[in-house]
Amino acid sequence: PHHNEEGSIGGFGDHVMHFLTHDGLMDDGNLKFRPMVLPDKLFEAATQHEQYEEAGLNSRHIKGTIMKLTKKVNVPVLEEV
């Protein structure tokens with residue numbers, strides 16, 4: 001499940017993470033979890049869709065996060081200088 005939070009630590013995502021770690025569900029390394037939240041910044045007046053786009057939280061961003069986690073997409077690696 002995915003839940004967008006408005007820049008809050010201690011929100012739904014943190015409760016999920018607490019449950020997963022407290023019950024040892026992440027101990028074997030097979031479960032991946034990435035909370036996605038609205039950044040703590042001022043957004044100009046816009047539609048909800050436009051604000052989520054600016055925050056990187058629209059469906060394509062969520063899909064991108066899932067694709068990276070499941071390694072279905074290659075993510076460029078920066079070379080060390």
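Biologist: What secondary structure does the protein chain have, and in what order do the elements run from the N terminus?

Modeller: Bear in mind that this is a predicted model. The secondary structure comes to three helices and zero strands. From the N terminus on, the order of the elements is therefore α-α-α.

Biologist: What percentage of the residues of the protein chain count as buried?

Modeller: A residue is called buried when its relative accessible area is under 20%. The protein chain has 81 residues, and the share that count as buried is 19%.

Biologist: Which residues of helix α3 are buried, and why do they lie on the same side?

Modeller: Helix α3 covers residues 59-69, and within it H61, I62 and L69 are buried. They are on the same side of α3 because the arc they cover around the axis is only 100°.

Biologist: Which exposed residues does the face of α3 turned away from the buried side carry?

Modeller: The buried residues of α3 pack against α2. On the face turned away from the buried side, the exposed residues are S59, R60 and K63.

Biologist: Which residue just after α3 takes a positive phi?

Modeller: The phi in question is about 55°. The residue just after α3 that takes this value is K71.

Biologist: How many salt bridges does a search of the whole structure find?

Modeller: Side chains of opposite charge can pair when their charged atoms come close. For a salt bridge, the cut-off from nitrogen to carboxyl oxygen is 4 Å. With that criterion, the search of the whole structure finds two.

Biologist: Which residue meets K41 in a salt bridge, and where are the two placed?

Modeller: The side-chain pair has an N to O distance of 2.8 Å. K41 sits in the loop between α1 and α2, its partner E54 is in helix α2, and the two are 13 residues apart, so the pair links distant parts of the chain. K41 is partly exposed at 44%, and E54 is also partly exposed, at 47%. The residue that meets K41 is E54.

Biologist: Which residues is M17 in contact with, leaving aside neighbours within four places in sequence?

Modeller: M17 belongs to helix α1 and is partly exposed, with a relative accessible area of 27%. Its C-alpha atom is separated by 8.5 Å from that of P35, 18 residues apart along the chain. Leaving aside neighbours within four places in sequence, the contacts of M17 are M26 and F33.

Biologist: Where is L25, and which residues is it in contact with beyond four places in sequence?

Modeller: L25 lies in the loop between α1 (12-22) and α2 (48-55). At 41% relative accessibility, L25 is partly exposed. Leaving aside neighbours within four places in sequence, the residues in contact with L25 are F19, L20 and L31.

Notes:
Residues numbered from 1 in each chain as written. Predicted model: local features only at pLDDT ≥ 70, side-chain atom pairs only at ≥ 80, totals over all residues. Heavy atoms only, no water. Buried < 20%, exposed > 50% of the residue type's maximum accessible area, 1.4 Å probe, protein only. Contact = heavy atoms within 4.5 Å. Arc of directions from axis to C-beta.
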